[in-house]
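Me: I would like to learn how to read side-chain features in a model, going through them one after another. Could we take each idea in general and then look at the case at hand?

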Amino acid sequence: GIGLDMFLGDYPPYAAVGIPDYALLRFTEENIPVWAMRAVYQNTYPDNTMDKNLLQLLLMKGKEQYFLSHTLPEVPEHIRLGFTPEQLAWCAENEALIYNFFIRQNLLYENNLQKTLRFVNDGPNTAGMPPESPGNIGSYIGSRMLHQYAAKTGADMHTILEITDAQKMLELSRYKP
């Protein structure tokens, strides 16, 4: 079942119950297939953030986006990610800077969830990034890594969804935006 009350768009009671403005992007009818397929994905591949470094979290979030891109190819990428078109454009323009930030700050192999979850959780923007950045920027970078991995290795979606070694995926993808 799909609770249609969560997809009413600009609906005043959402603000009354404290739903933040950035989250309202996902409360429209065009997001129904995304939420439905995300539930299918998470039922098969549940999130497990414990004891993961940022690279592993990027792989985890990237696999979800990779699945959505293949099961919902007609849905625009910014909707699948939960971004505005402007936020997606910002990510595309700054992909190399985002990844370099992770490298310069020694974050890729960081296991401290207080330092890493800000890159893979929703929010109005990503802490430590400019205000025009979206929250959950890690899903974008993880998705880009996996798309490059698929292009370099010829792996199909099922093979990609079964990847568990984030380091090997990074090496084989040769991801360097």
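Me: Which residues do ring pairs link into a cluster?

Reply: Bear in mind that this is a predicted model. Aromatic rings are taken as a pair when their centres lie within 6.5 Å, and by this rule the count comes to ten aromatic pairs. Such pairs link Phe-7, Tyr-11, Tyr-14, Phe-27 and Trp-35 into a cluster.

Me: Why is the pair of Tyr-14 and Phe-27 called edge-to-face?

Reply: Planes over 60 degrees apart count as edge-to-face. The ring planes of Tyr-14 and Phe-27 stand at 75°, with the centres 5.1 Å apart, so the pair falls in that class. The two residues belong to distant parts of the chain, 13 residues apart, with Tyr-14 in helix H1 (residues 12-16) and Phe-27 in the loop between helix H2 (21-24) and helix H3 (32-44). Both Tyr-14 and Phe-27 are buried.

Me: How should I read the two sides of a helix, and which residues of helix H10 are buried?

Reply: Buried means under 20% relative accessible area, and exposed means over 50%. In helix H10 (residues 166-173), the buried residues include Ala-166, Met-169, Leu-170 and Ser-173. Because these four cover an arc of only 100° around the axis, they lie on the same side of H10. Lys-168 and Glu-171, on the other side of H10, are exposed. The buried residues of H10 pack against helix H4 (54-71), helix H6 (85-104) and helix H8 (137-153).

Me: What is found at the start of H10, and what follows the helix?

Reply: At the start of H10, a side-chain oxygen of Asp-165 comes to within 3.2 Å of the backbone nitrogen of Gln-167. After H10 comes Arg-174, which has a positive phi, near 55°.

Me: How many salt bridges does the structure hold, and where does Arg-26 come in?

Reply: Side chains of opposite charge can pair when their charged atoms come close. The structure holds five salt bridges, and one of them joins Arg-26 to Asp-122, with the closest N and O atoms 3.4 Å apart. This pair links distant parts of the chain, 96 residues apart: Arg-26 lies in the loop between H2 and H3, and Asp-122 in the loop between helix H7 (113-116) and H8. Arg-26 has a relative accessible area of 8% and is therefore buried, whereas Asp-122, with 43%, is partly exposed.

Me: Which residue forms a salt bridge with Lys-61?

Reply: The partner of Lys-61 is Asp-47, and their closest N and O atoms are 3.7 Å apart. Here too the pair links distant parts of the chain, since Lys-61 is in helix H4 and Asp-47 in the loop between H3 and H4, 14 residues apart. Lys-61 counts as buried because its relative accessibility is 13%, while Asp-47, at 38%, counts as partly exposed. A further salt bridge is formed by the side chains of Lys-115 and Glu-110, at 4.0 Å from N to O, and Lys-115 counts as partly exposed at 41% relative accessibility.

Key
Residues numbered from 1 in each chain as written. Predicted model: local features only at pLDDT ≥ 70, side-chain atom pairs only at ≥ 80, totals over all residues. Heavy atoms only, no water. Phe/Tyr/Trp six-rings, centres within 6.5 Å; stacked < 30°, edge-to-face > 60°. Buried < 20%, exposed > 50% of the residue type's maximum accessible area, 1.4 Å probe, protein only. Arc of directions from axis to C-beta. Contact = heavy atoms within 4.5 Å. Polar contact = N/O pair within 3.5 Å; in protein donor to acceptor, adjacent residues only side chain to side chain.
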